[in-house]
Amino acid sequence: MLGTLRCMPQTAPGPGPAPVSEPVAIAPAPASRARRRWSAVGREALGAVVALALSVIALRHVVATERVALLWYDGDSVLLPLVERSIRLGQPFEWAMSPALFFFPELPVYLLCSLVTATPQQALALNGVLVLLAVYALVRAAADELMPAARRSARIAVSALALGFVTAVVLTESSATATSLELGSLLLTTTYYYGALLAMLGTAVLVLRTVRTGRASVTVLVVTGLVAACTTASNPLYVPWSAGPVVVTLVLLAVARRLPWRPAAWMSGVLVAGSVVGYLLRIPLAPFVSLDPSTYVHPERAGATLAFFAALTDDRAGSAAGDVGLLLLFVGVVASVGGTVWAWRVRTARTVLVATVLPLVTVVAVSVGVVVAGSETPRYLEPVVTAPLLALVAVGELVRTAVRRTRVHRPGRGLRLTFAVAGTVVLVAGIATAPGTITAVATARYAPAACLDRWADGRQVTGVGQFWTVRPLAAYASTDVELLQVRDTFETYPWLVDLGAYRDARPTFVVIGANDVWTTAVEDSLGRPATITHCTGFDVYDYAGTPGAETLRRDVVGSADRIRRDRGF
């Protein structure tokens with residue numbers, strides 16, 4: 001950046017015209033450039049610290065409420081700890097996953113977290129904080145595209161405000177179930193599709209970059225294609241959550257002559273091609289997929305699904321915190337709708353228009369899609385929380401430009417003071433909650449697993465049990481205790497498990513949870529156990545040395561062998 005222009009008189013020798021002043025560009029001194037660089041680094045660091053404080057506050061709330069069960073001990077949530085444990089034990093990688101494979105980016109991120117932590121609880125907590133920090137980083141990148149003329153401090157403040165919105169949503173959620181409209185806190189978990197949500201935000205940033213520059217650079221196109229291909233291969237939800245809404249948005253705005261066709265066509269084409277490549281990559285990954293995504297589509301249930309979500313909304317509105325949570329979701333939708341109308345009427349920058357229309361298209365597509373598909377799964381509505389973050393930043397830019405056009409505009413000392421006070425409050429709250437959060441995470445133990453370990457007493461034992469009971473036990477028990485997942489018929493249940501663990505296994509005990517449903521009593525199927533041990537929430541039926549152990553081995557291992565052969569392992 002050039003320094004101040006100075007006028008330096010240059011006098012002609014002897015008689016001639018009067019002296020003239022010629023502007024000469026004086027480059028800023030190196031010390032000045034260094035000061036500005038360090039000032040920028042300092043501001044970015046402060047924004048990152050505020051984002052970290054917000055993430056810690058969100059984590060602390062989840063850990064201190066019943067929601068912690070969903071973060072650490074839910075049957076779905078312990079998937080990646082189980083994968084890490086299986087890899088560490090050297091078992092064959094023959095996993096039966098859901099249509100979401102969690103290979104990108106969930107598994108690599110969790111494995112890195114597990115390397116620097118001592119327990120699965122610590123790794124899951126660290127993973128959750130990193131996800132929220134990634135949300136801030138992506139929104140911060142979007143702010144650079146949407147607010148290029150704004151001060152750096154303004155872009156940082158708006159990005160922190162967006163993450164504060166997510167944290168506020170999390171603070172209204174405290175139940176232990178995933179079957180609710182508590183969608184914000186699902187971001188902290190490792191198996192409720194945060195990878196597709198981050199890819200959605202990342203794709204939006206790439207689209208905004210293309211719209212702002214007016215051309216689709218090779219680098220942006222390659223990165224967009226890779227994100228689309230890798231995310232779709234791992235989780236097909238990327239298509240209805242991100243690729244589809246982006247293509248619809250770009251085409252609509254191009255038809256309306258609010259965007260040039262060339263970059264819109266390039267980005268749309270790359271997203272379609274990347275998604276197709278992702279689906280093709282799923283063909284060799286088919287042995288890992290337990291169900292085809294099409295099995296989740298039941299249009300005939302659309303009416304029942306609409307009634308289901310209406311009942312969930314009524315239930316969510318049954319408390320003050322639930323009302324606040326619904327209000328925040330409504331604010332996000334209003335920001336998308338209102339921002340779209342505002343941006344369209346004032347004919348603002350194309351990036352701002354895209355950043356308001358895209359969340360609106362995403363929210364409508366996801367909401368209608370879930371109902372039409374007949375899916376009674378609230379977590380498929382997660383984009384309703386994250387997509388409007390782009391609209392919040394866009395509305396911030398609309399407000400900034402509108403205020404600057406007025407005669408009453410001043411440098412904004414009051415606004416800066418407000419943001420400074422809010423940032424200070426967040427930092428103080430983060431610092432105040434950090435020690436308790438760290439202690440809770442560091443000392444967290446799963447008491448039922450400790451009871452099972454005491455029963456095993458250091459022996460190398462293998463047992464079986466049903467999904468919701470044995471999965472957290474399998475994740476948190478000592479490495480001497482191995483648990484295999486079965487149906488109530490003692491056949492292998494190939495859902496989010498490593499079928500390689502069943503090879504030549506010799507199960508000798510059954511874990512019976514308090515909420516398990518067995519169509520035939522265990523003793524009727526296996527006979528009388530040698531001993532019965534009572535633990536909180538479950539009993540251990542030990543069949544070692546009895547005919548029941550041979551029945552277990554035949555039914556469990558035999559059914560697993562058949563499933564592996566059918567899958568091509």
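Where is the place of Ile283? In this predicted model, Ile283 sits in the loop between α10 (261–281) and α11 (302–316). Ile283 has a relative accessible area of 58% and is therefore exposed, the cut-off for that class being over 50%. Together with Val272, Val276 and Leu280, Ile283 makes a nonpolar surface patch of about 370 Å².

**Overall architecture**

The protein has 569 residues, of which 51% count as buried. Its secondary structure comes to 20 helices and 9 strands. The C-alpha trace spans about 120 × 50 × 50 Å along its principal axes.

**A positive patch**

Arg33, Arg35, Arg36 and Arg37 form a positive surface patch. One of these residues, Arg33, is placed in helix α1 (residues 30–64). Its relative accessibility of 39% makes Arg33 partly exposed.

**Salt bridges**

How many salt bridges does a search of the whole structure find? The search gives 15. Side chains of opposite charge can pair when their charged atoms come close. The table lists some of the pairs.

| Pair | N to O distance |
|---|---|
| Arg155 and Asp144 | 2.7 Å |
| Glu397 and Arg400 | 2.9 Å |
| Arg554 and Asp555 | 3.3 Å |

In the salt bridge between Arg155 and Asp144, the closest N and O atoms are 2.7 Å apart. Arg155 belongs to helix α6 (residues 152–171) and Asp144 to helix α5 (residues 120–146), so this pair ties together parts that are 11 residues apart in sequence. The two partners fall into separate accessibility classes: Arg155 is buried at 11% relative accessibility, and Asp144 is partly exposed at 31%.

The pair Glu397 and Arg400 lies within helix α15 (residues 388–404). Because these two residues are 3 residues apart in that helix, about one helical turn separates them. Glu397 has a relative accessibility of 7% and counts as buried, since the class takes in values under 20%.

Arg554 and Asp555 also meet through their side chains, at 3.3 Å from N to O. Arg554 is partly exposed, with 48% relative accessibility. Asp555 is partly exposed as well, at 24%. Elsewhere, salt bridges that share partners join Glu44, Arg140, Asp144, Arg152 and Arg155 into one network.

Is Arg564 buried or exposed? Arg564 is buried, with a relative accessible area of 6%. Arg564 is placed in helix α20 (residues 547–567). The side chain of Arg564 reaches the backbone oxygen of Leu499 at a distance of 3.2 Å.

Ser114 is found in helix α4 (residues 106–115). Ser114 counts as buried because its relative accessibility is 15% and the class covers values under 20%. Between the C-alpha atoms of Ser114 and Leu206 there is a separation of 31 Å, and these residues are 92 residues apart along the chain.

**Arginines in summary**

Arg554 is partly exposed and pairs with Asp555. Arg564 is buried, and its side chain reaches the backbone oxygen of Leu499.

Conventions:
Residues numbered from 1 in each chain as written. Predicted model: local features only at pLDDT ≥ 70, side-chain atom pairs only at ≥ 80, totals over all residues. Heavy atoms only, no water. Patch = residues over 30% accessible without salt bridge, like charges linked within 9 Å, V, L, I, M, F, W, Y side chains within 5 Å. Areas by Shrake-Rupley, 256 points an atom, 1.4 Å probe, with all protein chains shown as cover. Salt bridge = Lys/Arg side-chain N within 4 Å of Asp/Glu carboxyl O. Lys, Arg positive; Asp, Glu negative; His and termini not counted. Charge placed at Lys NZ, Arg CZ, Asp CG, Glu CD. Helix = DSSP H or I, 4+ residues; strand = E, 2+ residues; numbered from the N terminus. Buried < 20%, exposed > 50% of the residue type's maximum accessible area, 1.4 Å probe, protein only. Polar contact = N/O pair within 3.5 Å; in protein donor to acceptor, adjacent residues only side chain to side chain.
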